[in-house]
Amino acid sequence: RDVGQGWLFAIVLRLNDEMADDLGDVLVRINLHGVSSNRVRMALGQAGGGPPVDAVAEVISPAPAATPTPMPALQPKAYGPNETADADAVRLLEQASWGPTEGEVARVKSIGFRQYVNEQLGAPATNYVDMLFPNDQSAQQCPDSLGPALQGDCFRDNYSMYPLQKNFFSNAMYGQSQLRHRVGFALHQVLVVSGRDIPRPSWMTPYLQAIDRNATGSYRQMLRDVTLTPAMGDYLDMNRSTRTSPNENFAREVLQLFSTGVDELNLDGTPRLDAQGARIPVYTQNTVNEFTRVFTGWTFGPAIAAGVTNYRDPMVPRANQAANHDQGAKTLLGGAMLPAGQTAQADLDAALDNIFNHPNVAPFIGKQLIQHLVTSNPSPAYVERVARVFNNDCDALYPDGCTGARGQMGAVVRSVLLDPEARGDVKTDPAYGRLREPVQYMSNVLRALDAKSFDRTQQSDGVLTARASGGNDYAALMDQPLFLPPTVFSYYPPDYEVPGTGLVGPTFNILSTSTALRRANFINQIVYTGYAATTGANTNSPRGTSLDLAPLEAIAADPQALASRLDALMLHGTMSASMRAEIVAAVAVVPADSAANLRRRAQMAVYLVATSSQYQVQR
């Protein structure tokens, strides 16, 4: 914070409770915009046994003789055509799509980052198509008379996540609404519904569509649309909550997970503290009870057809409101009062307004978007800049088409992606970046190496689950079963701390010895084998999936050129010297004396890069 001199800033360091007051030497370093400072040595309680000078990076800087010129305010870059290097174009596509391709890198450079992001923000909501709604009773929809093969296909297409998973990977590989798809999947992990409890793909689709169409629109509208989807109503029991039998599940999670979080936050995402240094809760159990009363009296709309429950249309107020909706007065966040006698619709709209306008929503949602797209440990300043845009879309470095509105997700996403902390060719701060989550990891490799059908004549069928040739659902084996998160906290908690580091690393929660090996197994299968098309009565994977290694085979006689090609596309030029040396040496062991061996060289190089820690951590 500025303390008056215009250049001097104070940093508050809060020590871990486990750090004893006689600890001794502690090294402190400041990280800003992905770049780290020198380290400062401090003695806590006593001087430690370490050397007086930090041998790694110790620079003695005297106080300035004169007051330095104040730091200028951040100025937006134009990000126009051909103003950026390939490296940052690759980085932008890692953050804003399901992975860079050589063609997209060239296009993004040619039109500029700003135009690319704006084009993507305006792309249509086409990632989740309408589905037919089957009979609630699977035996009625898929009778034995169909025969084993057709009956199996009927169960697969109507009563499993297969169609949604297939559609997801197809859109990730080839869809034009890449940014909307990427942001929508991030928001699916905030406003969670799981196919474990909503097991029909047709039931899940309206929920996913509600997120998809609002992913670059109004968060307030998305909150309402998702709240009233039958999938959410079933998953968190709002459709069963009545005046005489209230259920608090939705009321609790809409606060804890979908909007404010549990503790009051500063605009920069850090917790607000009371005079005793304790966190301040946003709500109490009594608050949850009041919101539970708000959300009583809703149910599904009229059946679509005989035996077909309406999971398609938004939920509607129950008949006989006086009996089913609690019409008493209610006290909401900040002491706001809802008067007695209101309808279920009026109470719901007023309550969602109350939640949406809470000051926590901007940093709580903004920080999670940064974590999903850019880095797991954003600086408070980065979070604050994004939160300001959530609060007012004109309070932005890039106020393109702003109107002063709150909760405009397109402006928020633009702010996340074009922020100075997000951009740049290379990030040196060891705390910067994020472990690629499994579905992103898979999609990134598939897009980088031009995945197509097994015979390379058409697009892949998108079947990359247990129903694919080979039978391995690698996303699930890597602990991210697509559209089947294990709890309302999603596939992994957003505040998971990597043990022994003091750093947040949400995706590391699902990285273990087993899942690390399964990451390597996926790369091994897709690189060396691919997914063959199924034939005959097995219609699960009609086209299969394979990678195009021909461009790499063409240069495989030169191991250095091979490493450089993969370095540029997959690591935006950050491959370490030691990693390059190891790849070159491993590739050189394979003779370059035949087309088959040139292919083996290409395969080995891709495998080594894709399984490396330098690639798996998106930076």
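Is the crossing of H7 and H8 right-handed or left-handed? In this predicted model, the crossing of these two helices is right-handed.

**Figure 1. Packing of helix H7 against helix H8.** Helix H7 spans residues 178-188 and helix H8 spans residues 201-214. Their axes lie 9 Å apart and meet at an angle of about 125 degrees.

**Figure 2. Residues in the contact between H7 and H8.** From H7, the contact is made by Arg180, Gly184, Leu187 and His188. H8 contributes Tyr207, Leu208, Ile211, Asp212, Arg213 and Asn214. Sorted by class, the contact of H7 with H8 comprises four nonpolar, three polar and three charged residues.

**Figure 3. The second largest pocket and its centre.** The second largest pocket holds about 520 Å³ of space. Its lining consists of 27 residues. Of these, Thr101, Glu102, Gly103, Glu104 and Arg447 lie nearest the centre of the pocket. By class, the lining residues divide into 12 nonpolar, six polar and nine charged.

**Figure 4. Helices that line the second largest pocket.** The elements giving two or more residues to this lining are helix H2 (102-111), helix H3 (113-121), helix H6 (162-174), helix H18 (438-448), helix H21 (550-553) and helix H22 (559-570). H2 provides the largest share of the lining, with four residues.

How values were computed:
Residues are numbered from 1 along each chain as its sequence is written. This is a predicted model: local features need pLDDT of at least 70, side-chain atom pairs count only at pLDDT 80 or more; totals for chains, interfaces and linings use all residues. Side-chain values use heavy atoms; hydrogens and water are left out. Axes are lines fitted to C-alpha atoms, for helices over the stretch in contact, and angles run from 0 to 180 degrees between N-to-C directions. A crossing is left-handed if the near helix is turned anticlockwise from the far one by less than a right angle, and right-handed if clockwise. Contact means heavy atoms within 4.5 Å. Ala, Val, Leu, Ile, Met, Phe, Trp, Tyr, Cys and Pro count as nonpolar, Asp, Glu, Lys and Arg as charged, and the others, Gly among them, as polar. On a 1 Å grid over the protein atoms alone, a cavity is a set of points where a 1.4 Å probe fits but cannot get out, and a pocket is an open set with protein on both sides within 12 Å along at least five of seven lines; lining residues have an atom within 4 Å of a point. Grid points are joined across faces, edges and corners, and a volume is the space filled by probe spheres set on the points.
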